[in-house]
Amino acid sequence: MNDRAVSLFDNYEIEVKRTWKGRGAILCESDKGLLILKEYNGPMNKIYFQDSLLKHVKEAGFLLAESILKTKEEELIVYDQDRVPYVVKSYFEGKECNNREIEECRNAVRTLAKLHNCSDLSEWEDLACQPIFHIEKEYEKHNKELKKVRRFLRDKSQKTAFEIYLLEHYDYFFDTALQVTGEMRYYIYDEKNKKMEDFPKFSIVCHGDYQYHNIIQTAGGMALINFEKCMRDNPVRDLYLFMRKLLEKNNWSQTLGDSLLHAYDEERTISEEDYMHLYYRFAYPEKFWKIVNFYYNSGKAWIPGRNMEKFEKLLMQEKAKQEFLESIFKK
């Protein structure tokens, strides 16, 4: 980040004591506490929604969430001399959530449940202006991409060892993707068998990027940062994202999965519909799609060995993943 960005603090009613570089940002110790200056890459209207959400959750009792500071002119965004947009937000002194400490991860999902309890905006007029994210449409898009790449691989005359190996196992994951998407659309979004009032409306706003580096362990509890991807979706979106990465690191441990779900349920009851949404998100072969997507959109003349390692690990864990789904969701 350009050192000239430090001068942007002059646009705020704060007394700067010292500044230092962080990861893609500038941290600032001020008379208003610890602050962070970051470049803003989202749409302009999203920053106002984000600000309203953060104010709402604090008013509802979730105090350890970041805040966006306004400039002297009451603006949420400040621009440097090149018209690059920046935001200044409150920050927290502490350490990132340790995803190797199980009890810390249990606390992270309890914190998430508390956030969801405070982010129900059903009475908020501005909520109607926010689009609802439908995961099955995202999966349909992924499926089209998978179909295109399979055709590309089949038609390719000279194949690398990775491409041959990928193609050998392609149909299993592709068929799973189609099946999961079809079942999800039928059981959750089937327009023929559902009345309008039965469709999920998702008045709760998700964090959108609930990962360990956005969870800060402070002296006063766990604080949450980086709400830029907040959106209307089933709240299990956040739970799934946090759990999937942790479960992949722990070979889809059923004990761990059950423990995390129980910790969340202690603070916010997981409904039958939530479990159904969560099951289909876990069942969709997202990791396979990511490997294929990375392969197809990178230079194919040289395929990193890391691709093969990731795919081999995916295959090794597939049985454990299916056993996890059977154990946790089909009781």
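Modeller: Let's start with strand β4 (residues 78-79) and β5, which run antiparallel and are joined by 2 bridges. This is a predicted model: local features need pLDDT of at least 70 and side-chain atom pairs pLDDT 80 or more, while totals for chains, interfaces and linings use all residues. Residues are numbered from 1 along each chain as its sequence is written, and side-chain values use heavy atoms, leaving out hydrogens and water.

Colleague: What makes β4 and β5 a pair?

Modeller: Two strands pair if DSSP finds at least two bridges between them. There are 2 bridges here, so the pair counts. In β5, Y86 is the bridge partner of V78.

Colleague: Which strand pairs with β5 over 5 bridges?

Modeller: That's β3 (residues 33-39), also antiparallel. E39 stands opposite Y86 there.

Colleague: Why is β5 called mostly covered?

Modeller: Buried means under 20% relative accessible area (exposed is over 50%, partly exposed in between; 1.4 Å probe, protein chains only). In β5 (residues 85-90), 6 of its 6 residues are buried. P85, V87 and K89 point one way, and Y86, V88 and S90 the other.

Colleague: How do you know that D238 has no salt bridge?

Modeller: A salt bridge needs a side-chain nitrogen of Lys or Arg within 4 Å of a carboxyl oxygen of Asp or Glu. The nearest side chain of opposite charge to D238, R237, is 5.3 Å away, so no salt bridge is counted.

Conventions: Lys and Arg count as positive and Asp and Glu as negative; His and the chain ends are not counted. Helices (H or I, at least four residues) and strands (E, at least two) are DSSP runs, numbered from the N terminus.
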